[in-house]
Amino acid sequence: MALPPISEKGRVSVVASTASMPSPASPAARKGLSAAQVRAIASVFQYADLNNDGTLDFEEMRTLLSDLGYPSADEDVQRVMKQLDSDGSNKIEWKEFKKAVPIWEAASPAAPTT
């Protein structure tokens, strides 16, 4: 997978080429996620993967949650990690991350209508 561009602040750019994105025919797409949703989720994952090792560790998850507006205590980050880490590696892989999207959608309040 091609590495996404790095910003001046050392952060991974969320604007990555589609060549580095997971296939729209991936299991997440087959579960009802559109190709655009899979690409958006992949962009978030790549943004959060600060060391580009293909996984999210505790600190990367903490940073992601904070960047999304959810500064979290260690216990909260650990709870999220435990919920997503299905293989017990203490790291969140892409396949684990994308599986969580239906969970997040179910837990999120409905968007306000105008």
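## Burial and overall make-up

A residue is called buried when its relative accessible area is under 20%, exposed when that area is over 50%, and partly exposed in between, with a 1.4 Å probe and protein chains only. The model is a predicted one, in which local features need pLDDT of at least 70 and side-chain atom pairs count only at pLDDT 80 or more, while totals for chains, interfaces and linings use all residues. Residues are numbered from 1 along each chain as its sequence is written, and side-chain values use heavy atoms, with hydrogens and water left out.

The secondary structure of the protein chain comes to 6 helices and 2 strands, where helices (H or I, at least four residues) and strands (E, at least two) are DSSP runs numbered from the N terminus. Along the sequence these elements follow the pattern α-α-β-α-α-β-α-α. If a contact is taken as heavy atoms within 4.5 Å, then 43% of the contacts between residues at least 6 apart in sequence join residues at least 24 apart. The protein chain exposes about 7,100 Å², of which carbon and sulfur atoms supply 58%; this area comes from the Shrake-Rupley method with a 1.4 Å probe, and for residues only the protein chains shown count as cover.

## The nonpolar core

In soluble globular proteins, nonpolar side chains tend to be buried together. A nonpolar core is here a set of buried Ala, Val, Leu, Ile, Met, Phe, Trp, Tyr and Cys residues joined through side-chain atoms within 4.5 Å. The largest such core has 18 residues, of which Ile41, Leu56, Met61, Leu64, Ile92, Trp94 and Phe97 touch the most other members. Two or more residues each are given to this core by α2, α3 (58-67), α4 and α5 (94-99), and α2 gives the most, with 5 residues.

Leaving aside residues up to four places away in sequence, Leu56 touches Phe45, Ala48, Asp49, Met61, Leu64, Met81, Lys91, Ile92 and Phe97.

## Helix α3

Which residues of α3 are buried? They are Glu60, Met61, Leu64 and Leu65. These residues cover an arc of only 135° around the axis, which puts them on the same side of α3; the arc is that of the directions from the helix axis to the C-beta atoms. The buried residues of α3 pack against α2, β1, α4, β2 and α5.

At the start of α3, a side-chain oxygen of Asp57 reaches to within 3.2 Å of the backbone nitrogen of Glu59. After α3 comes Gly69, whose phi is positive, near 95°.

## Charged pairs

Side chains of opposite charge can pair when their charged atoms come close. With a salt bridge defined as a side-chain nitrogen of Lys or Arg within 4 Å of a carboxyl oxygen of Asp or Glu, the count comes to 5 salt bridges. One of them joins the side chains of Lys91 and Asp53 (3.5 Å, N to O). Because Lys91 lies in the loop between α4 and β2 and Asp53 in the loop between α2 and β1, the pair ties together parts that are 38 residues apart in sequence. Lys91 is partly exposed at 32% relative accessibility, and Asp53 is also partly exposed, with a relative accessible area of 35%.

Arg62 and Asp74 meet in another salt bridge (2.3 Å, N to O), and this pair links distant parts of the chain, with Arg62 in helix α3 and Asp74 in helix α4, 12 residues apart. Asp76 and Arg79 also form a salt bridge (3.1 Å, N to O); being 3 residues apart in helix α4, they are separated by about one helical turn. Asp76 is partly exposed at 31%, whereas Arg79 counts as exposed at 52%. Salt bridges that share partners join Glu59, Arg62 and Asp74 into one network.

## Two asparagines in loops

Asn52 is found in the loop between α2 (35-48) and β1 (55-56), and its phi is near 55°, a positive value in a residue other than glycine. At 29% relative accessibility, Asn52 counts as partly exposed.

Asn90 has its place in the loop between α4 (74-84) and β2 (92-93). The phi of Asn90 is near 65°, again a positive value in a residue other than glycine, and Asn90 counts as exposed at 56% relative accessibility.

Note on methods:
A polar contact is a pair of N or O atoms within 3.5 Å; within protein, one must be able to donate a hydrogen and the other to accept it, and residues adjacent in sequence count only if both atoms are side-chain atoms.
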